[in-house]
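Please open the structure in a viewer and keep the selection panel at hand.

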Amino acid sequence: MSITPVLAGLLNLGVVLLISPFYMTVVKKVKARAQRREGPPLLQGYYTIAKLFRKEVVYSDYASFISRIAPYATLAILLVAALLVPVIWIPEITVAEGNIIVFLYLLAFTRFLLALLGLDAGSTFGGMGSSREMSLSAVIEPTTVVVFAAMAYVAGTLAIPEMFRHATTIIPGMSPTILLLSVSLFILIIVETGRIPVDNPETHLELTMIHEGMLLDTSGRNLALFELSHAVKQTLLMTLLINMLIPFGIVQEVSVLGLALATVLFLLKGTALSIVIGIVESSFAKMRFFRVPNLFMMAFFFSVLTIFSEVML
Amino acid sequence: MILLLYPVLTVLILLLQGVQHSHRPMSLLGVLHSAGTLLITILIIARPDEWSSGSPLFMVDHLNLLMMLITGVIFTCASIYAVGYIEGLVMTGDLNRRSLRIFYIGFSLLLFVTTMAFYAPNVAQFWIFAELTTVFSAVLVAILAVKENIDASLKYIFVCSTSMLFSFIGVIFLFELMRQPDGTGSLDWQAILAVASSRDSGMLAIACIFFFIGFAAKSGIVPLHTWLPEAHAKAPSAVSAVLSGVVLNVGMYGILRMTGIVHQTSIASQISLILILFGMLTMSVACFSMLRQKGTKRMIAFSSIENMGFLLLASGVGTPVALFWMLYHIIGHSVVKSGLFFSAGILHRQYKSHTAGGEDHIADLFRMQPFAAAAFIIGSVAIIGTPLFPLFLSKFGILLEAGKLSLYIPLITLLLFALAGAAIFRFLIAIMGETFAAGEAPEQYIVPVWMKAPVVFLMALSVLMGLLMLPGEEAFLTAAVHDIGISGVGL
Amino acid sequence: MITNEVAVSLLRICLILVLISAACLLSTRNLSSLVRTYALQSLILVAIALLIGVLEQKSILIFIAILTLASKVIGIPWFIRIIQQRIRIQQDLHFHYLQPASALMVSILLILLVYLCFLQVLHDLFTRNSLFFLGSVIGVSLMLMGLIAIFSRQLAITKVIGYLSMENGVLLFGLFVTELPFITEFVIMVDLIILVLLTTILTVGMDSSIDAYMNRLKEFHLWSEEEVNA
């Protein structure tokens with residue numbers, strides 16, 4: 001009986017860790033295709049991480065212990081967060097104590113670590129990146145809170161597995177509140193994972209980078225860990241969206257066949273979502289920094305609307 | 001069946017306009033249309049047995065006949081004035097000859113839709129025609145095709161039409177209120193008046209407030225007055241007179257009818273309070289704005305806002321006596337205000353500024369334009385409500401009634417009137433003192449008799465009205481107050 | 001035939017979509033996508049009219065739907081697009097008073113306000129049919145959001161779109177609260193078309209120079225050729 005949560009947790013972590021780099025690559029591939037390039041092979045994400053793991057780690061002369069622990073801490077925190085979000089299997093018993101608020105805090109904590117890391121190396125780019133990241137997150141935070149609050153309100157619970165369970169009872173696409181929520185969540189994914197139009201993950205230009213700026217001084221294994229945590233973060237947010245909007249296939253009664261089917265389905269749904277993200281990213285231009293709050297306001301508007309429509313309908 | 005003559009006449013005139021090429025026949029057709037409308041109205045007034053036998057498009061009672069009478073007089077004067085004025089515009093190249101047809105067709109259509117709006121038997125129909133008056137008057141404002149005019153016209157359309165959409169929400173509420181369980185319902189003014197007391201008053205209040213928004217905008221009530229000074233100042237003077245003397249009344253007419261309906265129910269006092277407050281607000285804003293006006297027509301336009309505010313105040317007071325004087329004030333205001341706009345038009349022709357957007361530089365007033373100057377001064381004296389002129393009587397009557405509610409209303413209002421008077425006379429004295437430096441004076445503008453006649457007529461009419469009650473006037477106005485739905489025997 | 005439950009849930013989705021389109025109208029800067037958003041919004045209204053028609057078994061709503069489709073989804077956007085090509089302006093970048101972000105904030109407050117007000121006034125409708133109540137709230141909210149669009153936008157042509165969206169709000173409100181006689185709806189539509197034509201023609205004058213404006217009056221056959229030569 002007590003084996004189930006451990007098993008479920010491990011399965012969850014395994015799936016998330018394994019799948020995450022793949023989704024990152026899919027997005028890159030779609031963007032490359034949109035620009036008429038061949039793009040990386042689909043397994044490039046894994047190759048990159050493997051390559052980086054083999055490289056030497058170089059620290060800045062000014063670096064403190066932060067630079068040494070931040071990569072591990074970030075991944076560890078995200079893995080804890082991953083325990084809270086069931087990907088393919090909602091077990092009867094909760095895997096980990098915690099709810100959507102804890103999840104939110106964990107995400108914010110990684111961001112905090114990242115900002116510290118940017119400052120730690122003492123380079124100007126890192127400092128710029130941290131400052132931008134923090135000002136953006138100050139603006140996005142209310143929106144994130146309201147989006148998650150809307151999710152909690154719609155499902156009537158704070159526990160993420162229970163939300164997914166609630167979502168399975170709804171015919172996909174038939175509930176306006178879930179649709180609205182998905183739009184907000186989608187904007188949140190774009191913002192949280194540093195994608196165009198908010199941030200450009202592929203640039204190393206001084207003026208535009210936010211997320212990359214903070215990582216500029218990390219190398220080797222540490223960089224690999226950050227790449228992986230970035231991918232994990234994206235997968236977690238995507239999971240939230242997928243399992244709220246199109247939860248079909250998710251397993252509630254454990255069986256090997258069911259789990260395999262759910263994994264395949266999740267892989268497909270996630271790929272589809274990554275393709276959408278890639279398309280969105282290629283069809284927008286990067287926004288001016290000061291115009292980004294408008295995007296957040298859209299997400300905010302939609303999530304407030306979600307609560308409204310849930311109250312009114 | 002005399003009523004059907006209105007559309008017939010309009011169609012006839014429009015067809016004839018279609019085949020004209022030169023200015024004179026077009027403008028004479030315009031005069032014919034307006035005079036014809038006036039004539040038909042007088043005919044209908046003379047034959048009360050025709051009133052009830054109209055088609056479903058018309059409802060005739062004293063109130064709308066009164067409005068139509070004003071409309072007829074003002075339009076006739078304006079169209080006579082236009083004969084000379086528009087010709088001048090064409091001569092100097094301000095108005096493109098090719099726009100003439102649009103102008104006269106727009107003018108006739110404006111007259112027609114105003115007529116239809118006044119005679120509209122139900123609220124929805126009234127809304128549609130009132131909305132159309134905005135459209136056609138906007139065409140007339142924009143006719144000069146200068147950027148400022150187009151700007152003023154667009155502002156006019158946007159402010160009025162968006163507010164009218166709110167009114168339409170009000171109309172929908174009214175319909176919901178009037179709807180029978182079987183889904184049918186009548187929006188007839190009379191029907192609403194008859195059953196208003198038995199309906200949900202909360203919903204009626206919301207309906208009224210929404211309804212008022214649109215018609216307040218149409219009659220230039222603060223805060224929806226912003227379009228008025230620009231549209232009235234930029235339009236050709238013949239059009240300004242019509243806008244001020246007739247189209248503003250369309251809004252007031254709607255508010256009056258609705259006030260009558262509200263007075264059947266228990267919410268009358270709350271709505272009255274709102275009307276009084278907005279009336280006072282409008283008057284204060286208008287009076288203080290008048291103090292810093294430099295342009296003749298803008299000054300007159302703000303005075304229109306002030307008078308509309310006063311009318312709103314009167315409708316808020318809502319006693320039969322107040323409404324009687326309110327109707328009287330509407331007549332007086334239309335007559336005097338159009339006269340003022342006509343004389344301002346003459347001044348504008350004389351002292352037209354040749355820099356774009358610049359104000360006219362008025363100087364040597366009495367030497368160059370003695371007629372217009374005299375008319376303008378008489379008009380100014382009349383509009384601020386000096387005794388001997390009709391506006392004195394109505395202001396006096398309304399303030400007496402308002403004083404019964406609270407003494408502060410007449411007190412503040414009198415103060416504001418004093419302010420308005422001071423503003424107008426400061427302006428007059430300022431322009432009277434100006435002289436041109438030698439050689440700078442523009443050529444004297446010879447005022448055609450077409451432009452003088454309406455001014456003389458309107459001024460004479462206002463003096464006449466102020467001096468004595470025309471025969472039958474009192475009974476007619478009392479009957480009109482009764483038509484609004486506010487019972488009482490009048491004076 | 002669509003069952004009632006499906007129609008109701010589709011209606012809800014349509015209502016939400018209407019609000020989303022209104023939010024887009026408030027924040028989009030690109031003129032052609034503004035027009036497209038407006039056309040889509042009208043299309044949603046058509047769908048709503050049809051769905052209510054199915055729900056309440058009223059054939060009159062189908063006529064209204066057809067009328068809306070012809071005028072607002074096809075006619076007016078087409079006309080505005082032509083005008084837009086003439087004035088060669090693609091973007092409306094500047095906002096007065098309210099930036100899109102704060103405009104969205106204000107609209108949230110307005111929706112709440114309308115909801116609370118209507119809860120007082122239309123409690124009858126609320127108890128009878130909460131979906132229709134929501135529809136009327138959203139109708140008025142859409143109208144107020146159109147109002148925000150009108151006064152926060154700078155170009156006259158975007159103001160026209162704001163006005164049109166307000167008008168859509170009125171139609172939505174009318175659809176849900178009560179049914180007006182068809183003839184009234186029809187005349188109102190005609191009225192609006194005249195208004196839009198006029199405004200857009202004036203807009204051409206506003207957003208371009210006067211000489212070009214004169215030429216365009218000719219292009220729209222408002223000035224006949226013989227008179228041009230005269």
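In this tour, a residue is called buried when its relative accessible area is under 20%, exposed when that area is over 50%, and partly exposed in between. The model is a predicted one.

Select A:Arg111 and A:Glu133, both of which are buried. Their side chains meet in a salt bridge, with N and O 3.1 Å apart.

Next, display the whole of helix 7 of chain A, residues 176-192. How far apart should the ends of this helix be, at 1.5 Å a residue? Its 17 residues should span 24 Å, and the end C-alpha atoms are 24 Å apart, so the two values agree. The helix is mostly covered, with 15 of its 17 residues buried. Just after helix 7 of chain A, select A:Gly194, which takes a positive phi of about 65 degrees.

**Second stop: a salt bridge within one helix of chain B**

Move to chain B and select B:Lys404 and B:Glu401. Both lie in helix 16 (residues 390-405) of chain B, three residues apart, or about one turn of the helix. An α-helix has 3.6 residues a turn, so residues three or four places apart point the same way. The side chains of B:Lys404 and B:Glu401 meet in a salt bridge, with N and O 2.7 Å apart. Which of the two partners is buried and which is exposed? B:Lys404 is exposed, because its relative accessible area is 65%, whereas B:Glu401 is buried, because its relative accessible area is 8%. Returning briefly to chain A, salt bridges that share partners join A:Arg111, A:Glu133, A:Glu141, A:Glu192 and A:Lys233 into one network. Over all chains, the structure holds 14 salt bridges.

Show the surface and select B:Ile209, B:Leu273, B:Ile274, B:Leu277, B:Phe278 and B:Leu281, which make a nonpolar surface patch of about 500 Å². Helix 11 (residues 268-290) of chain B gives the most to this patch, with five residues. B:Leu281 lies in that helix 11 of chain B. With a relative accessible area of 37%, B:Leu281 is therefore partly exposed.

Then select B:Asp61, in the loop between helix 2 (23-46) and helix 3 (62-92) of chain B. B:Asp61 counts as buried because its relative accessibility is 6%. Not counting residues up to four places away in sequence, B:Asp61 touches B:Trp51, B:Gln190, B:Arg257 and B:Asp483.

Chain C has 230 residues, of which 62% count as buried. Among contacts in chain C with a separation of 6 or more, 78% are between residues 24 or more positions apart. Chain C exposes about 9100 Å², and carbon and sulfur atoms supply 66% of that area.

Within chain C, select C:Lys72, placed in helix 3 (residues 60-87) of that chain. Is C:Lys72 buried or exposed? Its relative accessibility is 2%, so C:Lys72 counts as buried. The side chain of C:Lys72 makes a polar contact with the side chain of C:Glu167 at 2.6 Å and another with the side chain of C:Asn168 at 3.1 Å. Leaving aside neighbours within four places in sequence, the residues in contact with C:Lys72 include C:Tyr38, C:Ser42, C:Leu171 and C:Met189.

**Last stop: the chains together**

Finally, display every chain. Two pairs of chains are in contact, and of these chains B and C share the most contacts. Chain A and chain B do not touch, and their nearest C-alpha atoms are 21 Å apart.

Methods
Residues are numbered from 1 along each chain as its sequence is written. Chains are lettered from A and ligands numbered from 1 in the order in which they are written. This is a predicted model: local features need pLDDT of at least 70, side-chain atom pairs count only at pLDDT 80 or more; totals for chains, interfaces and linings use all residues. Side-chain values use heavy atoms; hydrogens and water are left out. Helices (H or I, at least four residues) and strands (E, at least two) are DSSP runs, numbered from the N terminus. The expected span of a helix is 1.5 Å times one less than its number of residues. Buried means under 20% relative accessible area, exposed over 50%, partly exposed in between (1.4 Å probe, protein chains only). A polar contact is a pair of N or O atoms within 3.5 Å; within protein, one must be able to donate a hydrogen and the other to accept it, and residues adjacent in sequence count only if both atoms are side-chain atoms. Contact means heavy atoms within 4.5 Å. Patches are made of residues with over 30% relative accessible area and no salt bridge: like charges are joined within 9 Å, nonpolar side chains (Val, Leu, Ile, Met, Phe, Trp, Tyr) within 5 Å. Accessible areas come from the Shrake-Rupley method with a 1.4 Å probe; for residues, only the protein chains shown count as cover. A salt bridge is a side-chain nitrogen of Lys or Arg within 4 Å of a carboxyl oxygen of Asp or Glu.
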